[in-house]
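Here's a quick briefing to read with the model open in your viewer.

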Amino acid sequence: MRTLQPTLFDAVSAHLPLFDGLSEEAAERLAAGGYGRGLLTASLQARLRKAGFADMAALALASPVELMAVRKVGPVRVSAIRAHLLRELARLVPGARADHDSSATDRRRLERLRAMPGERFGWAGETCADLAVKRCADIRAELDIPAADLDRIVAALTRALLPERPRVPSVAAAPEGDAAPGTTRARERAELLREQDRQWDAAAPDADIRPRRVVR
């Protein structure tokens, strides 16, 4: 997420999931992996869990704004979390890196905006994609609108671009009697990984995030 002279596209993307077009299978595989390895400190994991982000699938389906509502999670950590999740996706799902890297995600979103007329927001003769690449400050000046109206445009485009989120049932909450064999194995693996996480965190120093570490 850019911080200098943000465009309308930056503002909208901040409210969209880190990964859109994520399949249920990919989300389930991420969920089974807990938080992975080498990314988060024990204290940050605790804060994320308290905020409702139980595993990597929850992180992947969250927006930068939602993640940054957690204390000590800023743009740098959001970028590191996204890179970590992309590595995990690439390891678990063939072709995931090409489908879900930042450039591919931005291209898909801009293509959808290109199909929307900008006239609905007072930008006659151009598409929403043409509007989105402009700086927020310039849009406010050129359309002569207050910040609240720009916020409404951001909200409208966010709703238009918001993908359908894959259903990822809580492995821990699923009734044992209703669980399919694959779900049971996923639940057992998730619990094992959570226990390994607890043991790992108890033994590891409270080091800062390490975005370049490759998780295997």
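The axes of helix H10 (residues 136-143) and helix H11 (residues 147-161) come within 10 Å of each other and cross at roughly 115°. Axes here are lines fitted to C-alpha atoms, for helices over the stretch in contact, with angles running from 0 to 180 degrees between N-to-C directions. Keep in mind that this is a predicted model: local features need pLDDT of at least 70, side-chain atom pairs count only at pLDDT 80 or more, and totals for chains, interfaces and linings use all residues. Residues are numbered from 1 along each chain as its sequence is written, and side-chain values use heavy atoms, with hydrogens and water left out.

**More on the H10/H11 pair**

- The crossing of H10 and H11 is right-handed; that label goes with the near helix being turned clockwise from the far one by less than a right angle, and left-handed with anticlockwise.
- On the H10 side, Cys136, Ile139, Arg140 and Leu143 meet Ala147, Leu150 and Ile153 of H11, where contact means heavy atoms within 4.5 Å.
- Sorted by class, that contact has six nonpolar residues, no polar ones and one charged.
- The classes work like this: Ala, Val, Leu, Ile, Met, Phe, Trp, Tyr, Cys and Pro count as nonpolar, Asp, Glu, Lys and Arg as charged, and the others, Gly among them, as polar.

**The chain overall**

- You're looking at 12 helices and zero strands, both taken as DSSP runs numbered from the N terminus (helices are H or I, at least four residues; strands are E, at least two).
- Of the chain's 216 residues, 42% count as buried.
- For the accessibility words, buried is under 20% relative accessible area, exposed is over 50%, and partly exposed is in between (1.4 Å probe, protein chains only).
- Take the contacts in the chain with a separation of 6 or more: residues 24 or more positions apart account for 65% of them.

**Positive phi in two loops**

- Most residues other than glycine have a negative phi.
- Lys72 isn't a glycine, yet has a positive phi of about 70°; look for Lys72 in the loop between helix H5 (64-68) and helix H6 (75-92).
- Lys72 is exposed, at a relative accessible area of 54%.
- Asp144 isn't a glycine either, and its phi is positive at about 55°.
- Asp144 sits in the loop between H10 and H11 and is exposed, with a relative accessible area of 69%.

- Val70 is in the loop between H5 and H6, and counts as buried because its relative accessible area is 6%.
- Val70 and Arg47 are 23 residues apart along the chain, with their C-alpha atoms separated by 6.9 Å.
- Not counting residues up to four places away in sequence, Val70 touches Arg47, Leu48, Ala51 and Phe53.
- Lys134 is in the loop between helix H9 (128-132) and H10, partly exposed with a relative accessible area of 25%.
- Setting aside neighbours within four places in sequence, Lys134 is in contact with Thr7, Leu8, Trp123, Glu126 and Ile139.

- His100 lies in helix H7 (residues 96-100) and is buried, at 8% relative accessible area.
- Beyond its neighbours within four places in sequence, the contacts of His100 include Phe19, Asp20, Arg82, Leu86 and Thr105.
- Thr105 belongs to helix H8 (residues 102-114) and is buried too, with a relative accessible area of 2%.
- Leaving out residues up to four places away in sequence, Thr105 touches Asp20, Arg82, Asp99 and His100.

**Cavity**

- The count comes to one cavity of 30 Å³ or more; on a 1 Å grid over the protein atoms alone, a cavity is a set of points where a 1.4 Å probe fits but cannot get out, and lining residues have an atom within 4 Å of a point.
- The largest cavity has a volume of about 30 Å³, a volume being the space filled by probe spheres set on the points, which are joined across faces, edges and corners.
- Its lining includes Pro17, Phe19, Asp20, Leu61 and Arg165.
- The lining of the largest cavity divides into six nonpolar residues, one polar and three charged.

Technical notes: 1 Å grid on protein atoms, 1.4 Å probe; cavity = no way out; pocket = protein on both sides within 12 Å on 5 of 7 lines; lining within 4 Å.
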